[in-house]
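Here is a short briefing to read alongside the model. Take a look first, and then we can walk through it together.

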Amino acid sequence: MKIACFHLMPYRDLPADFEKKYKSAWFTLPFDQVADRFKVSQYYNQTLDELIHAANSGFDGVCTNEHHQNAYGFMVNPNMMGAVLARATRGKDTAIIQMGETAVFLNPPIRVAEEYAMLDSISEGRLVAGFPVGLGGDFAYSYGMAPMEQRGRYVEAHDLIKKAWIANDTFVWNGKYYQLPMVNIWPKPVQRPHPPIWVPGNASPSTWDFVLKHDYSYCFLTYFGAKGAEHMVNGYWQRAEELGRDRNPYRMGFLVPVGVSDTDEKAAAEYGAAAEYFFHKGLHLPEQFLAPPGHMTHSSLTHLLTKRPFPPFEELKKLHYPDFNARDFVVCGSAKTVTERLLHIIKTLRVGHLMILPQFGSLSHERTMANIERIGKEVLPHLRDMWDNEGWDDHWWPKHTSVQKRAAA
Amino acid sequence: MKKPRKKVVPVLGGALEITVNIAGKGKPLLYLHSAGGYYWDDFLDGLADHYKVYVPHFPGTAPGKPNEIDGVDNLWDTVTAYDDLLDGLGLKKVRLMGHSFGGLLAAELAAHRPKAIEKLVLISPIGLWREDAPYTVANWCALDDKEIMDALFYDKTHPFVVKRMTPPAGKDAAALWQVHFIWTLGCTAKVIWPIPDKGLRKRIHRITAPTLVVWGENDKLIPPVYAQEFGKALANAEVVMLPQCGHEPPLEQCAMLTKRVGDFLAA
């Protein structure tokens, strides 16, 4: 079992009435009206401290991610964070998991091939290369590209990046979206033929097929908890079987916001407000911003609107901490409670890569640091050997993460 | 109300098929619909009393053919496809009319093939740009149901508006209606994202046909100042402003629009 620490880097001090005053926490929220730039400066540093603390507290990896123009989480360039983390964890076995730099936001996307190769070099081969499709609104509104092009660009960018890593010679790329006369990146990644690839997703069957076809690891990022995720994750495992892939749990990643306290009652006091802030304020996001017309394929859109597999975000505002905790949207409680619930999630969903979000919403730096420490000491040791009896290898973990191996090299 | 028949016309060397709705008798009139999609309304029905009216579905928006949008990647492809469509329908000379997004396409087609266009009618067209009157696809793609109503109409209670904008009864039917609406926005937006300023200003001088530019005085979606902008940019244009009217003159001022357009086309 591999357990990583994930961070969104949110704005932690939005005004209490903010969601009533502003249409969205995303895309159109005016920075200077709600944000304090000195606080933001502090958040970036606290976020880095928190992730480094996780690396020192027993987590196997640290995860960064990319979003734009919002208060929900604004690591606009996760590779800048990743570079700091790679350097700060030098000499350790911590995986640097970029979840990740979004290739379709960049033109040309070989910039991702280059930056990931740099990170793999700085980290001495500890990079996990995340390939997110990217949020529809980020692509269309923040970065100005037609929603219908996102999937096509994603697939082409992926093919181009992989070829740029693997090719021995300079090559020409004449794609539908990208045309490059000389592709010959410097540096190449330390890990050969390329760093392990993880693809984050939100249960879209087309993404499953992409992941399974290429034999990557999938990371299910849902806001709606493990309980609601069960039938979707079963769909993934069923598809894996159909495509002839084994049931290796390391094919599956899952993200959970976690809070550990002395008791379940204390957890409500310590994490309740932060959880509500996360779902009520961070996800204050009109649906049409999240998925602009054309972002979803016609069949996915039909599925979404006729079947409604997820509740609209507005519905989350009617729920409160006890609901979020009861439905596993967050897993908060005593170390014993949290351990039991996480074990249940891991088993039910067959998760080999668990990603823990120890900071969510308004949770303070001090509480986050304490939370990370407690998770590391009181929870992780009970999860770690979860899959050992089945004897799977994690083919999607950096090959060079062992300090001994690196020293030998 | 007439029942248009459908005809499928191959374009782009057979790589794409455009489905065209046809009704009426008389000289040909090609009507290009807005980003809201094809909708046979009283305005088109009135035109079909005097003309043979052709209304193509923009690629991807014909019922049951969502993936036809893969056949066009950009505005150039689109204009070429519509140019082929004129040939496919055997239209050597045509009265051309377009509304909003369709207005942009009509202007582009008229600039691309000026001699084929007898008369041109642009109803609240997009396609030009002024720094003092910015608009983007987000003006209609980033809105919720209520905001769309506010942006489109002067009078949301107008019976034609209510008829057009009320989803069908039944949960599934309403959801599919919404899917079609969102998908149509996505298809049309594909070739003009994120700002419909795609160089029409450099081509608009090629339009020689007498042109009628019509705009609702209360258009909140695309600023009415663009009526004058089109009027100035076109060599031979008349500009008509309609009172108590938002972005959808065919719905909100059907009678007035029918009269003005009818007189213009007949003159």
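How many helices and strands does chain A have? Chain A has 17 helices and 11 strands, where helices (H or I, at least four residues) and strands (E, at least two) are DSSP runs numbered from the N terminus. This is a predicted model, in which local features need pLDDT of at least 70, side-chain atom pairs count only at pLDDT 80 or more, and totals for chains, interfaces and linings use all residues. Residues are numbered from 1 along each chain as its sequence is written, with chains lettered from A and ligands numbered from 1 in the order in which they are written.

**Chain A overall**
- Along the principal axes, the C-alpha atoms of chain A fill a box of roughly 60 × 50 × 50 Å.
- Of its 409 residues, 50% count as buried, that is, with 20 or more other C-beta atoms (placed from the backbone) within 10 Å of their own.

**Where the chains touch**
- The contact takes 17 residues from chain A and 21 residues from chain B; two residues are in contact if their C-beta atoms, placed from the backbone, lie within 7 Å.
- On the side of chain B that touches chain A, α7(B) gives the largest share, 12 residues.

**The helix pair**
- Helix α12 (residues 298–307) of chain A packs against helix α7 (residues 171–190) of chain B at an angle of about 145°, with axes 9 Å apart; axes are lines fitted to C-alpha atoms over the stretch in contact, and angles run from 0 to 180 degrees between N-to-C directions.
- Among the residues that meet here are L301(A) and L305(A) from α12(A), and L176(B) and W183(B) from α7(B).

Note on methods
Buried ≥ 20, exposed ≤ 12 C-beta atoms within 10 Å, placed from the backbone.
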